Amino acid sequence: MPLYPHQPHHRPEWPPPQLPPAGPGLPGWLEERLFDQRIVMMRGHLSAETATGIAAALLTLDSAGPEVVHLHVSSPGGDLSAALSVVDVLDALAAPVHALVTAEAGGAALAVLAAADQRAAYRHARFKLVEPRAAGVTGTADEVAAAAGQHLRELEEVLVRLAEITGQPRSRVENDLSAGRTLSAAEALEYGLIHEVVAPKKNGPR
């Protein structure tokens, strides 16, 4: 059964939170309409600011009802710490979350993708297996060393989770991230990153 059937969704009874931008040039009314349909957009590079907006939208929809929340992903990556803050929220939600990769997912965005209950992608989506980067750290040598150690621990968590959802050996996932391997949607399905490639609903040209 397709992960993304068209069906009515429960509308939250209060104004939505300050939503992260749904995309360049998209008006606020469109972002609100997407929110009404229980769709949260994760676009562009992940930062602490965008992660906060995404987390607020997810938590608000979870409080509004148990229906599926749809997380649309188009992100090449970003800060790993920001991504993990979204992962923590996804792990705590009661409502199921279905992620749909609409264009690309790479780096830290893969950590968020792995935390979704169901994962799908459009046919022309691309997946960039690359190590998530750490946010810029300044300070004393000890502070920088401590931050580097924390990043390595967080990266290990992501490696383990990707290995769990894909069924791939941890060593293979680590090697693929180090090599910066790129996958098509079909290859991501075979790899185990997603459950489904969304098929076109219309017939091709005659």
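**Figure 1. Overview of the protein chain.** The secondary structure of the protein chain comprises seven helices and seven strands; helices (H or I, at least four residues) and strands (E, at least two) are DSSP runs numbered from the N terminus. This is a predicted model, in which local features need pLDDT of at least 70 and side-chain atom pairs count only at pLDDT 80 or more, while totals for chains, interfaces and linings use all residues. Residues are numbered from 1 along each chain as its sequence is written, and side-chain values use heavy atoms, with hydrogens and water left out. Read from the N terminus, the order of elements is α-β-α-β-α-β-α-β-β-α-α-β-α-β. Of the 206 residues in the protein chain, 48% are buried, where buried means under 20% relative accessible area, exposed over 50% and partly exposed in between (1.4 Å probe, protein chains only). Among contacts (heavy atoms within 4.5 Å) with a separation of 6 or more, 70% are between residues 24 or more positions apart.

Figure 2. Helix 2 spans residues 48-64 and includes Asp62. Asp62 is buried but has no salt bridge, a salt bridge being a side-chain nitrogen of Lys or Arg within 4 Å of a carboxyl oxygen of Asp or Glu. The nearest side chain of opposite charge is that of Arg38, 5.8 Å away; Lys and Arg count as positive and Asp and Glu as negative, with His and the chain ends not counted. A polar atom of the Asp62 side chain lies 2.7 Å from the backbone nitrogen of Ala95. Apart from neighbours within four places in sequence, Asp62 is in contact with Arg38, Leu93, Ala94 and Ala95.

Figure 3. Arg38 lies in the loop between helix 1 (28-36) and strand 1 (39-43). Arg38 counts as buried because its relative accessibility is 0%. Although Arg38 is not a glycine, its phi is positive, at about 60°. Most residues other than glycine have a negative phi.

**Figure 4. Strand 4 and its pairing with strands 3 and 7****.** Two strands pair if DSSP finds at least two bridges between them. Strand 3 (residues 97-106) pairs with strand 4 (residues 118-122) in the parallel sense over four bridges. Leu100 has Ala120 of strand 4 as its bridge partner. Strand 4 also pairs in the parallel sense with strand 7 (residues 196-198), over three bridges. The bridge partner of Ala120 in strand 7 is Glu196.

Conventions: A polar contact is a pair of N or O atoms within 3.5 Å; within protein, one must be able to donate a hydrogen and the other to accept it, and residues adjacent in sequence count only if both atoms are side-chain atoms.
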